Amino acid sequence: VRMDQALLLVRNELPAQGLRLAALSGSCHQCLYQFLAFVPPSNGSLRIPGAAAVMVNTQHPLTLLLNSSVGDRELCKIQYHFGEFGNYSLVVKTLSTSTKTVSCDLVINEGPINSYLPILFAFLVYTGILAILIVGRLFMKIDPVRNWVYKKLNPRETDRLINSELGSPNTTDSVSSDPTPRLWSAASRQRLRSLDTFRGLSLIIMVFVNYGGGKYWFFKHESWNGKLHFPSALFSRFVFIMGTSISLSLSSMLRWGSSKRKVLGKILWRSLLLILLGIIVVNPNYCLGPLSWDNLRIPGVLQRLGFTYLVVAALELLFTRAGAESGTLETPCSALQDILPYWPQWIFILMLEVIWLCLTFLLPVPGCPRGYLGPGGIGDFGNYPNCTGGAAGYIDRLLLGEKHIYQHPSSSVIYQTTMPYDPEGILGTINTIFMAFLGLQAGKIILFYRDQHKQIISRFVIWSIVMGIISAILTKCSKEEGFIPINKNLWSISYVTTMSCFAFILLLLIYYLVDVKRLWSGAPFFYPGMNSILVYIGHEVFENYFPFKWKMQDSQSHAEHLTQNLTATTLWVIISYLLYRRRIFWKI
């Protein structure tokens with residue numbers, strides 16, 4: 001028995017008929033039952049029941065269907081959520097020979113294990129470490145304790161400070177005589193720590209998920225439509241905060257006198273580097289010899305980030321107007337004074353969305369219904385097995401070629417799709433641009449209402465509510481029945497509005513705690529947020545190297561996988577902290 005599986009033993013006590021066992025996952029929308037096993041009839045004379053053992057999935061509730069091999073008559077249907085590593089028996093027998101009533105009884109032979117205990121233990125460990133750090137920080141505010149620590153770390157310097165006219169060292173004094181750290185830290189305070197904290201939080205969780213997330217199913221992407229699993233929001237948050245950073249960085253460069261031509265050159269160069277690095281990272285071939293151009297994957301996370309950055313930054317640079325961020329431009333509606341100055345950008349983005357809608361719902365796809373948004377495979381009762389992703393998948397296969405896109409989409413597990421499909425494909429990039437533009441709008445709010453914290457917070461709340469209302473309309477508040485379901489693989493417009501709704505709220509909370517009230521420094525997420533490109537590329541390149549990965553004693557243990565994945569993720573936090581202390585930042 002492997003992870004996310006249970007053993008099911010089917011015992012057939014019916015003397016004259018065999019059984020066909022099929023199953024349907026509760027997360028598979030409009031799917032066909034999948035055949036699991038044939039159970040032979042019992043040997044009536046020897047009273048030996050027919051038996052068959054199968055492995056069943058424990059991630060989602062299952063519907064088991066038993067049909068008779070004689071006339072294919074349905075005997076019973078059972079809905080049950082099996083537990084991981086459990087041992088079950090399904091006993092099929094006749095209750096009454098006269099009425100030929102058949103009973104199907106599910107028996108637990110051996111109870112499932114509690115797979116969530118490692119998560120609880122890890123939570124307690126990290127909570128304990130956090131508590132120790134908080135207590136240590138409080139103790140360091142006590143002068144005798146602080147002086148003793150400084151003296152132990154650097155006795156000569158501490159004695160010099162104590163014996164000098166400066167008195168006891170405090171938090172504003174430097175242990176080193178070099179004045180550079182003080183100047184640098186003063187400059188760093190002008191930077192919004194909440195943005196780096198937001199970026200670092202999304203990045204570190206993304207690293208943990210990419211490393212395996214302890215092999216828990218809820219740390220994996222949703223097969224197709226619906227529930228927003230933890231990983232589904234990570235990339236979108238990264239895109240969102242990239243848009244916010246674009247607004248602030250371009251404003252800073254232009255304010256300091258950089259010409260638009262020079263800034264455009266930087267935008268083009270950075271976008272090109274991101275795309276090239278992305279192609280290298282998604283095509284690892286370190287020990288397998290030369291990589292063939294025939295199966296080189298072209299789309300990827302960094303590639304999409306690079307192209308999105310190019311479009312959003314160039315759009316902002318092209319249409320930015322002096323006075324828009326300072327509020328000196330007159331607008332006819334004061335409630336929209338942080339939106340109306342940027343109406344050319346909004347028209348461009350809305351035109352992109354019209355293009356996405358037209359291509360998605362009007363583009364003819366061979367062998368598929370127009371406007372198809374399904375996963376193909378066994379979904380939609382198996383009527384469109386080769387239509388995975390509809391127009392989005394068709395465009396990628398047509399323009400890039402089947403061998404140059406992702407070969408193992410998340411839909412292949414539940415929906416058993418056989419067509420390659422890339423979640424970072426061409427059509428979805430349009431909505432990624434929209435997501436980044438909404439992040440840019442958040443940056444505009446921060447610039448427009450500079451130091452007006454109540455105004456910034458209220459605008460974030462309004463934007464979150466508006467995006468939430470749009471999502472509710474598009475999805476009809478349902479998983480499958482909306483006009484446009486939430487779908488991370490397609491990067492549907494409802495996915496973008498839903499994720500931006502949560503992103504505005506999360507940025508609001510972090511901004512309030514870190515930059516307004518200063519109740520939290522942003523640590524430890526602030527450090528990887530300052531070195532996001534290095535951490536992302538590093539975790540991809542060194543994924544299979546020690547100490548980020550090692551041979552396990554039990555590869556089917558969630559505890560071992562969780563320990564390995566959390567250790568690897570923590571190492572990247574430590575690395576980013578050390579780089580921060582040494583002022584090493586990899587900027588593209």
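In this predicted model, Cys477 is exposed, since its relative accessible area of 67% lies above the 50% cut-off. Cys477 sits in the loop between helix 13 (453-475) and helix 14. The backbone here is worth a look as well: phi of Cys477 is near 55°, a positive value in a residue other than glycine. Most residues other than glycine have a negative phi.

A positive phi is also found at Phe381, a residue other than glycine, with a value near 60°. Phe381 belongs to the loop between helix 9 (343-362) and helix 10 (391-399). Its relative accessibility is 46%, so Phe381 counts as partly exposed, the class between 20% and 50%.

Turning to the peptide bonds, two cis cases can be picked out on the structure. The bond from Ala523 to Pro524 is cis, with omega near 0°, and Pro524 is placed in the loop between helix 14 (493-516) and helix 15 (526-530). The bond from Phe546 to Pro547 is likewise cis, here with omega near 10°. Pro547 falls in the loop between helix 16 (532-541) and helix 17 (558-581).

The largest nonpolar core holds 106 residues, and within it Phe240 and Phe460 touch the most other members. Helix 12 (residues 426-448) supplies the largest share of this core, with 14 residues. Both domain 1 (5-110) and domain 2 (193-287 + 294-320 + 337-582) contribute to the core, each with at least three residues. What does Phe460 touch, once residues up to four places away in sequence are set aside? The partners are Ala442, Ile445 and Ile446, together with Phe504, Leu507 and Leu508. Apart from this core lies another one, made of 24 residues, including Leu14, Ala37, Val39 and Ala52. In soluble globular proteins, nonpolar side chains tend to be buried together.

Some nonpolar side chains are instead found on the surface. Phe121, Val125, Tyr126, Ile129 and Leu133 form a nonpolar patch there, and together they have about 500 Å² of accessible area.

Technical notes:
Residues numbered from 1 in each chain as written. Predicted model: local features only at pLDDT ≥ 70, side-chain atom pairs only at ≥ 80, totals over all residues. Heavy atoms only, no water. Core = buried A, V, L, I, M, F, W, Y, C linked by side-chain atoms within 4.5 Å. Buried < 20%, exposed > 50% of the residue type's maximum accessible area, 1.4 Å probe, protein only. Helix = DSSP H or I, 4+ residues; strand = E, 2+ residues; numbered from the N terminus. Domains from an automatic or database assignment. Contact = heavy atoms within 4.5 Å. Patch = residues over 30% accessible without salt bridge, like charges linked within 9 Å, V, L, I, M, F, W, Y side chains within 5 Å. Areas by Shrake-Rupley, 256 points an atom, 1.4 Å probe, with all protein chains shown as cover. Salt bridge = Lys/Arg side-chain N within 4 Å of Asp/Glu carboxyl O.
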